[in-house]
Amino acid sequence: MTVTEDYIDASGGDWDDVIEKAQATSAERLVVNMGPQHPSTHGVLRLILTLDGETCTEARVAIGYLHTGIEKNMEFRTWTQGTTFVTRMDYLTPLFNETAYCLAVEKLLGVEDRIPDRASVIRVMMMELNRMASHFVAMATFGMELGATTVMTNGFREREMILDVFELVTGLRMNHAYVRPGGVAQDLPPGAVGKVRELLKEMPERIKVMRKLLDENPVYLARTKDVAYLNLPGCMALGVTGPLLRASGLAYDLRKAKPYCGYEGYEFDVPVSDGGDVYARYRVRIAEMEESLKIIEQCLDKLAPGPVMIEDAKIGWPAKLALGPDGMGNSPDHIAHIMSSSMEALIHHFKLVTEGFRVPAGQAYTAVESAKGELGCYAVSDGGTRPYRVHFRDPSFTHLQAVAAMCEGGTVADVIAAVASIDPVMGGVDR
Amino acid sequence: MSTDNERERDEEAARLPDRMGEERLAAPIKRTGMFGTGTSGDTSGFGLLQVRGSAPVSSQRPFTDPDDPRTADFDRVADDLEAALGDSAGAVERVEVSHGEITFHVLREALPELARVLRDDPALRYELCLGVTGVHFPDREGRELHAVYQFRSITHNSEIRVTTTCPDTDRHIPSIVAVYPTNDWHEREAWDFFGIVFDGHPALTRIQMPDDWHGHPQRKDYPLGGIPVEYRGATVPPPDQRRSYT
């Protein structure tokens, strides 16, 4: 703890000491370290706040506490293994990470037009389910940070329904590595469509309950209306995209502006609000979930039987998975095939799985509209079996720069609301 | 008229097969042998095979390919950019069109002016900068470090990439934070990971690595690290020491 005439730096130490010192000196400003271990900072985000009484006069953001070197690690694995890494970046939007990465690899391979329709439809369906799951967590954690535990329990309960679908389809609740260059890891298992239909029937009611709980709730309104305001020029200058941008009045959505995975064939609206505050962001998110339901419904109608992996023996992943008694795992049929009936299949499997495929030299950038904003993937290949460089433009990373613009001059309580409304996930920010 | 003819003849000569062969042989060797691995013997008879990397692509006009809708506005963008840059249009060294994307390779001195033009010129209006990232090419002498910027125009629904380079011995690139404030953290990240100094950045400090870290981890001369893992008597080497295929 440092005490000067001007400020008290309360980084570490006992609060009683801080109060005692504050009473003894004439210093009026208090520098508080919030995080990196703090329940309301969505992981290991560190905020350095200068407080003048209740007012936050300066907000600085420090990141890097969850840097895991994913981009560097990917340079030492095959292109397919990359999906296993990227899915762990923003762990609340794994399927967006995977899709952005796979679209970049497919662009470098020049096979975008040969991705089977069924694979694209499954990708869209999974991404939209993921969008809802991510938005539910955004609302749930927001509620919890403001002290509304019902919002939290409801949000996580609804998300669980989506995670059940993920578990059935991919075998895992998170970290799926389901979307692969060339398609998806395996087809929908029996019962998956029924489970999604069940979700589609149940979910509108659940969203309605959420809306009833929050839309007109006076306490919620008091904490969110006109809080953490960011207008459109501010968004543009700071590179803010996604729900935050749409809550500032610009209906910009990559799914409409630069469609990928066949989004041009779906009918949906882009929710927009011109409030520019925390409440507007909530309204945009909850309206987006309703639009996602529409898209998922159209996905189910579009699902025609067919392959889910590119029909190119040089690229398509040869291994198969199957649903066993303990969940998704190795397919006994595939193993029997390569181990005891076909030497060529074994060689083929071995070559693609250990060596991987070569990607022609070049660079590509692809972007998807993740639940948080524009998630971009810039991939460089030198013609080898491993990425030469992969970089992710994570929306949360960019958005956290806006914390100062949103918080300075507001009260310290609104800092929590501001950070929560950005919905950052440090796994994606730090990569 | 005669200069036109001469230029045409030069361009014609540049496309001759023997010239292309020379270029091909000047490119660095990326892979030898049939299987791209050196840890086991090659009995295929292709052990002397050499695969060379590709020379930098320099696309010629027209940039718009009528068969590829993704390239529809590339000629317009290139024209508008040239017009907006005026006298400094020479700063664009080459233009690369591939995978339905357009990349302008520019001299680093011209970057702030280019950024300002991209944002402010009504014909361009690239409101969003999607950040900058580095790429390290240790074998490209004099331009080892690349800084890659992605710009997006919402007004014209257009997307371009701008690349600039700096030698490893003089790692300086002008900052464009004054024009695109969003690049603040992105430039700090590129400094942290590649050691590119963005001149004019308000506070160029490390962002992902600790403040007292040595080295810039995303550079190719920085090792991945890792330790061998023993499991049931067998040892698995760290990822950068395992058998690899180029």
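**Figure 1. A:E71 sits in helix α2 (residues 70–74) of chain A.** The model shown here and in the following views is predicted. A:E71 is buried, with a relative accessible area of 2%. Its side chain makes a polar contact with the side chain of A:R431, at 2.8 Å. A second polar contact joins the side chains of A:R389 and A:E71, at 3.2 Å. From chain A, the residues in contact with A:E71 are A:R389, A:V390, A:H391, A:F392 and A:R431. From chain B, they are B:F193 and B:Q218.

**Figure 2. A:R389 lies in strand β12 (residues 389–393) of chain A.** The relative accessible area of A:R389 is 2%, so this residue counts as buried. What does the side chain of A:R389 reach in chain B through a polar contact? The partner is the side chain of B:T133, at 2.7 Å. Within chain A, the side chain of A:R389 makes a polar contact with that of A:E71, at 3.2 Å. Leaving aside neighbours within four places in sequence, A:R389 is in contact with A:E71, A:E75, A:Y378, A:A379 and A:V380 in chain A. Its contacts in chain B are B:T133, B:G134, B:V135, B:F194 and B:Q218. A:Y378 is eleven residues from A:R389 in sequence. In space, the two C-alpha atoms are 8.1 Å apart.

**Figure 3. Chain A meets chain B through 50 residues of chain A and 54 residues of chain B.** The size of an interface is often given as the accessible area lost when the parts come together. Here the buried area is about 4,500 Å². Carbon and sulfur atoms give 53% of that area. A:K72, A:Q363 and A:Y388 supply 15% of the area that chain A buries against chain B, more than any other three residues. The rule finds five salt bridges across the interface of chain A and chain B. It also finds 23 residue pairs in polar contact there, both residues at pLDDT 80 or more. On the side of chain A that touches chain B, the largest share comes from strand β10 (residues 362–369) of chain A, with four residues.

**Figure 4. A:E112 and B:R70 form a salt bridge through their side chains.** The distance is 2.8 Å, N to O. Five salt bridges are found across the interface of chain A and chain B.

**Figure 5. Helix α5 (residues 183–194) of chain B is mostly covered.** The helix has twelve residues. From its first C-alpha to its last, helix α5 of chain B reaches 16 Å, close to the 16 Å expected at 1.5 Å a residue. How many of the twelve residues of α5(B) are buried? Ten are. Among them are B:N183, B:W185, B:H186, B:E187 and B:R188. The list of buried residues also includes B:E189, B:A190, B:D192, B:F193 and B:F194. Two of these residues link back to the earlier views. B:F193 is in contact with A:E71, and B:F194 is in contact with A:R389. Just after α5(B), B:G195 takes a positive phi of about 80 degrees.

Figure 6. The domain assignment of chain A places domain 1 at 6–62, domain 2 at 70–310 + 367–429 and domain 3 at 321–355. The C-alpha centres of domain 1 and domain 2 of chain A lie 33 Å apart. The contact takes 17 residues from domain 1 of chain A and 18 residues from domain 2 of chain A. Four residue pairs are in polar contact between domain 1 and domain 2 of chain A, both residues at pLDDT 80 or more. β4 (46–52) and β5 (55–62) of chain A each supply at least two residues of the side of domain 1 that touches domain 2. The largest share of that side, six residues, comes from β5(A).

**Figure 7. A:E291 lies in helix α12 (residues 278–302) of chain A.** A:E291 is buried, with a relative accessible area of 10%. Not counting residues up to four places away in sequence, A:E291 touches A:F268, A:D269 and A:P271.

Note on methods:
Residues numbered from 1 in each chain as written. Chains lettered and ligands numbered in written order. Predicted model: local features only at pLDDT ≥ 70, side-chain atom pairs only at ≥ 80, totals over all residues. Heavy atoms only, no water. Expected span 1.5 Å × (residues − 1). Buried < 20%, exposed > 50% of the residue type's maximum accessible area, 1.4 Å probe, protein only. Domains from an automatic or database assignment. Contact = heavy atoms within 4.5 Å. Polar contact = N/O pair within 3.5 Å; in protein donor to acceptor, adjacent residues only side chain to side chain. Buried area = accessible area lost by both parts, 1.4 Å probe. Salt bridge = Lys/Arg side-chain N within 4 Å of Asp/Glu carboxyl O.
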